[in-house]
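These are my notebook entries on a structure that I looked up. They follow the order in which I consulted it.

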2 protein chains.
Amino acid sequence: MALALADVLAFRQVRTTIWSPFPEAALSLERTRRSLRLPEFELPDAVLVTADPAVAFADATLAVNAIPTQFIRSAWSRIRDGLGGDARGGDALGRLPIVSVAKGIETERFRRPTEILAEVRERPGRPSTDGGLAVLSGPTIAAELARRLPAVLVAASSDPELARRVQATFASPWMRIYTNDDVLGVELAGALKNVIAIAAGIIDGLGLGSNAKSALLARGLAEMARFGTALGARTETFFGVAGVGDLATTCFSPEGRNRSFGEALARGETSGGDAGTSFGGGAATSVVEGAPTAKAVVAWARTLGVSMPIAEAVHGLVFEGLAPAAALADLMRRAAGAERIG
Amino acid sequence: MALALADVLAFRQVRTTIWSPFPEAALSLERTRRSLRLPEFELPDAVLVTADPAVAFADATLAVNAIPTQFIRSAWSRIRDGLGGDARGGDALGRLPIVSVAKGIETERFRRPTEILAEVRERPGRPSTDGGLAVLSGPTIAAELARRLPAVLVAASSDPELARRVQATFASPWMRIYTNDDVLGVELAGALKNVIAIAAGIIDGLGLGSNAKSALLARGLAEMARFGTALGARTETFFGVAGVGDLATTCFSPEGRNRSFGEALARGETSGGDAGTSFGGGAATSVVEGAPTAKAVVAWARTLGVSMPIAEAVHGLVFEGLAPAAALADLMRRAAGAERIG
């Protein structure tokens, strides 16, 4: 996503720097302008690449967080420290608006990406708030964005001015953006759809067809909305572009990582467990956000008393060695009686 | 759908007869047990096939309407007359429960399938009611059902006993069924999703990718729900298996007729207009329910004052010679400001 968004900003002639926590990866991207994760994409020359936060954040007026959820805390702590600690950089970071495109929930503390960012920016006497934080979400398989195929997104912030600023900054001929003030709903939808997408991939791996996958999508969406509204999110967010729209592309695009991981899992081509949360090989390895998020969601839903049968099944498949066919049979048994959405 | 459902009933050892209004088609199916529309499917020997309504409806205890919406009125009038007119057959038909699997809206009178069936059964002194009528809907691409791939459906009726009877009759290891009492919502969702699917096919024909198609799905769903609730349907029906579930399979399955029609239209491989509402060739020709339904929906929405930009675009493409790229550009321009679902 960092590459696809840098492409938009370069097109808009916005001065853009990509920061990577990995010096070798930064050097390779800087020189070749290419990444194995987006084989056909070439990074515009105007985009700078660095592993030095002091370089990346000098004069920055807006930051994008494209770091996967489970690594946000450590990476941004490193940025904070690299900016000179509490005295200078801490405050600089505290004032910088950040737009997050990560889609997950932290396994241990059940924190959403913007909550983690708020905590990293927290200082004595300056409590954690979501001020200056926004989310950019929607059906955005990066490989398609990188080809400049059309996409519709949602810019969400509790600060309407920041939402409109994000909307204006990333608007381009191939990217149209709605605003939304339900940050909680947009972030939860983005996180939860990755869990459902693993189940969709399992259906693909078992060769069960579009009807089964679409029923799963509908029941998964109901499960997402149930979880979200229990936490105070708005139901309609789940039925919007950043909810059902993102869920659909994640479940159906051949290029979705979480779906591909589920498919490989069903075919026995990859293993579950924490090792399974990275997927692919070598420099093309990418993080399957849905796997750790399934862990977080299942634990959280149990404490909330919310029924999440699909997330439970994904958790069983990825972390407890449950067989795909058994998990599916269990889900099919549930479809009887009257359908409940809320 | 008639073939796929006959297969379920034969599996359940329910005595089943398929009636066709076309004697030649009936004879061919009876002899070969095969149809060009489902090339790999073989009709079980236990299923009878006839073009004679008196044979088909003798001793019938439940009828399934799998006739496309625009032909229901004429076909069922023929059945009614074939059963001996008002004196005998009219009453027999009046008492027979009918489950409809048609998904469309009549162009001239804006009638749903069960409304048409109620009107055909109407007699002097016996007003039209939806008593004894049910709908079976959901993500059910027939080619997948015919391969006995798993599907989840909804049996909807204002009569809970009939809904449960339909649920029990068609339940099988590969078909799980929910009940629902929102007949209006289930029928409108089934009709409207075919219109959105034509737009999804156009996106495929233009090669615009899953992100664009998923955004269309989300905005199409919002449009479906807006239209449905304006007429008194329940919002949550559109977010259930028979709403978003059916919409997803119709937009993404390569085998969906409405999607395929839209794709061919965008590629210039077929023409719009009323001729375009049949699609394919020879005995494999099938009816594209979404085309006449777009006509009905656009006219109806205008009288209701409901905004239906995607249905309007499909109508323009199919009936007014609008160019696909121009229609898409217009839709993309709309995505700005705050997202509205209701």
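I began with the rule for aromatic pairs: rings of Phe, Tyr and Trp (its six-membered ring) pair if their centres lie within 6.5 Å, and planes under 30 degrees apart count as stacked, over 60 as edge-to-face and the rest as tilted. By this rule I noted 10 aromatic pairs over all chains.

I recorded the conventions next. This is a predicted model, in which local features need pLDDT of at least 70, side-chain atom pairs count only at pLDDT 80 or more, and totals for chains, interfaces and linings use all residues. Residues are numbered from 1 along each chain as its sequence is written, chains are lettered from A and ligands numbered from 1 in the order in which they are written, and side-chain values use heavy atoms, with hydrogens and water left out.

**Aromatic pairs.** I looked up F227(A) and W300(A), an edge-to-face pair at 5.4 Å centre to centre with 85° between the planes. F227(A) belongs to helix α10 and W300(A) to helix α14 (residues 290-304) of chain A, so the pair ties together parts 73 residues apart in sequence. Helices here are DSSP runs (H or I, at least four residues), as are strands (E, at least two), numbered from the N terminus. F227(A) counts as buried at 0% relative accessibility; buried means under 20% relative accessible area, exposed over 50%, partly exposed in between (1.4 Å probe, protein chains only).

**Interface.** I found that 49 residues from chain A and 49 residues from chain B take part in the contact, meaning heavy atoms within 4.5 Å. About 3,900 Å² is buried between chain A and chain B, with 64% given by carbon and sulfur atoms; this is the accessible area (1.4 Å probe) that two parts lose on being put together, summed over both. On the side of chain A that touches chain B, α7 (142-146), β6 (151-156), β7 (175-180), α10 (209-230), α12 and α16 (324-334) each supply at least two residues. I noted that α10(A) gives the most to this side, with 10 residues.

**Helix α12(A).** I checked residues 241-252 of chain A and found 12 of the 12 residues buried.

**N180(B).** I located N180(B) in strand β7 (residues 175-180) of chain B. N180(B) counts as buried, at 13% relative accessibility. Beyond four places in sequence, N180(B) contacts residues including V154(B), S157(B), R234(B) and T237(B). A polar atom of the N180(B) side chain lies 2.6 Å from the backbone nitrogen of D182(B).

Notes: A polar contact is a pair of N or O atoms within 3.5 Å; within protein, one must be able to donate a hydrogen and the other to accept it, and residues adjacent in sequence count only if both atoms are side-chain atoms.
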